[in-house]
Amino acid sequence: MGKAEPPSDVGGPIAHLRPANVSALEGLFTSPKAFGVPRASPLQRAICRVSDGVPLGALWDDPGVREGFGQVRPPEQAPEILCILAAIRSGKSVLAAAKAFVCALTCDVRGLAPGDGLRVPVLSVDKDSAHAVFNHLVGTLLSKPMLRKYLVGQPTADSVMLRHHTGRHVEVKVTAMAKYGSTLVGRWLASCVLDEAGRMAGAAESVRNLDDALHAIAGRIRPGGQILIIGSPNAPFGPVYDMVQESFGRPTPQLVVVRGTGPLLNPTWWNPERVEKTLRSNPRAHVTDVLGQFADAEDQLFSSVLVDRQMRSGPEVIPPRLGHSYVAAMDPAMRGNAWTLIVLSCDGTNHEGDPTYYVAIAKQWRGSRVQPLRPDTVLREIKNLIEPYGISDVWSDVHHIDSLKV
């Protein structure tokens with residue numbers, strides 16, 4: 001996706017709604033004449049600037065902003081995908097509505113034929129949930145005279161038409177999650193909002209899933225557009241969980257992941273008293289809704305907190321040690337799930353005489369339904385990894401049907 005030239009017509013209303021030192025989205029998000037969050041937190045303002053690809057400036061000096069981006073400064077380029085995973089009541093839906101409006105008015109439409117449709121789909125786990133973003137957009141457009149002139153006709157229950165600066169109409173529409181992302185094809189997209197994405201299944205779990213939705217829209221976003229993935233975390237699995245594990249603190253021009261607690265994003269609502277009350281009354285909700293962290297699955301053998309505490313801060317791979325013996329185990333998978341390998345060894349005993357162990361190698365390979373892994377390729381890589389440790393056998397799931405078919 002390229003960078004769109006700022007349209008002159010849109011530059012007028014957006015520019016005079018904001019000071020010169022803030023981005024278009026930040027101006028609309030905070031202005032009382034637009035989406036009206038004048039007391040936006042530093043992290044909310046930083047998200048707006050990162051979304052628009054403008055410098056963070058002094059905001060990067062704020063510890064909460066650094067925490068929200070995993071201590072790594074994002075590129076000064078609007079990412080193709082912005083994933084905001086955060087506490088509830090933190091302004092995610094309002095921000096997404098404002099971004100949808102900006103993209104609808106500013107995306108590059110050069111080269112489109114007169115009959116080419118242009119849309120901003122808003123999806124969620126169900127249509128009722130998707131109305132949160134849609135209702136913020138429509139309510140703001142109807143109540144703010146400065147923005148109302150961009151309306152074309154009257155909104156319906158699930159659709160509103162906006163006027164691009166060229167006169168082209170752009171539809172913002174609540175869209176059902178469908179098999180193979182079929183509701184997302186057939187049109188150009190100025191943006192796409194995927195709400196409550198933390199609760200969306202992957203391709204391996206459901207025919208209506210986030211993986212297929214992202215695949216369907218990948219080549220349809222116009223230059224200057226952006227895919228927004230927003231929501232609060234849920235259980236520690238699924239495509240958004242994988243996205244966070246792989247990309248948080250590793251921002252690229254393609255994907256930036258932001259994480260935010262309630263106090264960092266909306267300290268007025270999430271004051272210390274409300275945070276403490278949620279912790280006492282519902283510890284699981286405190287983890288997801290206040291801290292913006294993934295909760296443990298009910299059938300999980302070890303809690304994620306316990307697993308995190310056991311993670312070392314040293315090297316990812318520990319080379320073979322003289323006099324140590326090693327064992328390897330793997331869990332094969334070829335599509336939605338990862339093919340995982342672990343190599344273990346014992347490094348002595350504790351003060352009670354019980355053996356203590358360490359992980360020498362932990363590695364995964366991930367395929368997809370479109371491009372599944374090849375068992376022969378993965379097994380060849382595993383052989384090369386474990387040979388220096390004197391390992392010739394690997395414990396495995398022997399009933400992995402895909403591997404047995406090859």
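I looked up His 131 and noted it as buried, because its relative accessibility is 18%. My cut-offs for the accessibility classes are under 20% relative accessible area for buried, over 50% for exposed, and partly exposed in between, with a 1.4 Å probe and protein chains only.

I am working on a predicted model, where local features need pLDDT of at least 70, side-chain atom pairs count only at pLDDT 80 or more, and totals for chains, interfaces and linings use all residues. I number residues from 1 along each chain as its sequence is written, and my side-chain values use heavy atoms, with hydrogens and water left out.

**Entry: around His 131**

I placed His 131 in helix α6, residues 127-143. For helices I take DSSP runs of H or I with at least four residues, for strands runs of E with at least two, numbered from the N terminus. The His 131 side chain reaches back to the backbone oxygen of Lys 127, at 2.8 Å. I count a polar contact when a pair of N or O atoms lies within 3.5 Å; within protein, one must be able to donate a hydrogen and the other to accept it, and residues adjacent in sequence count only if both atoms are side-chain atoms. I then listed what His 131 touches beyond four places in sequence: Ala 157, Asp 158 and Val 174. Contact here means heavy atoms within 4.5 Å.

**Entry: Ser 90**

I found Ser 90 in the loop between β1 and α5. Ser 90 is buried, because its relative accessibility is 4%. A polar atom of the Ser 90 side chain lies 2.6 Å from the backbone oxygen of Ala 87. Setting aside neighbours within four places in sequence, I noted contacts from Ser 90 to Gln 44, Leu 265 and Asn 266.

**Entry: the sheet**

In what order do the eight strands of the open sheet run? I read β3-β4-β5-β2-β6-β7-β1-β8, with mixed pairing. I call two strands paired if DSSP finds at least two bridges between them. The edges are β3 (151-152) and β8 (255-260), each pairing on one side only. Helix α9 (residues 239-247) packs on this sheet and touches β1 (81-86), β7 (221-231) and β8. I noted about 100 degrees between the directions of α9 and β8. Axes are lines fitted to C-alpha atoms, for helices over the stretch in contact, and angles run from 0 to 180 degrees between N-to-C directions.

I also checked β4 (residues 159-163) against β5 (residues 169-174): they run antiparallel and share five bridges. Met 161 stands opposite Glu 171 in β5.

**Entry: the β10-β11 hairpin**

Strands β10 (residues 338-349) and β11 (residues 355-366) pair antiparallel over 10 bridges. I found Ile 361 in β11 as the bridge partner of Val 343. Five residues lie between the strands of this hairpin, and Gly 353 takes a positive phi near 85 degrees.

**Entry: nonpolar cores**

I define a nonpolar core as a set of buried Ala, Val, Leu, Ile, Met, Phe, Trp, Tyr and Cys residues joined through side-chain atoms within 4.5 Å. The largest core has 56 residues, and Phe 35, Ile 47, Phe 69 and Phe 101 make the most contacts inside it. Helix α5 (residues 92-106) gives the largest share, 10 residues. I followed Ile 47 beyond four places in sequence and found contacts with Phe 69, Leu 82, Ile 84, Leu 95, Val 258 and Leu 265. A second, separate core has 25 residues, among them Ile 81, Leu 123, Met 177 and Leu 214.

**Entry: salt bridges**

Side chains of opposite charge can pair when their charged atoms come close. I count a salt bridge when a side-chain nitrogen of Lys or Arg is within 4 Å of a carboxyl oxygen of Asp or Glu. The rule gives 11 salt bridges.

Lys 99 and Asp 52 meet at 2.8 Å, N to O. Are Lys 99 and Asp 52 buried or exposed? I found both buried.

Asp 376 and Arg 374 form another salt bridge, with the closest N and O atoms 2.7 Å apart. Asp 376 is partly exposed, because its relative accessibility is 30%. Arg 374 is exposed, with a relative accessible area of 53%.
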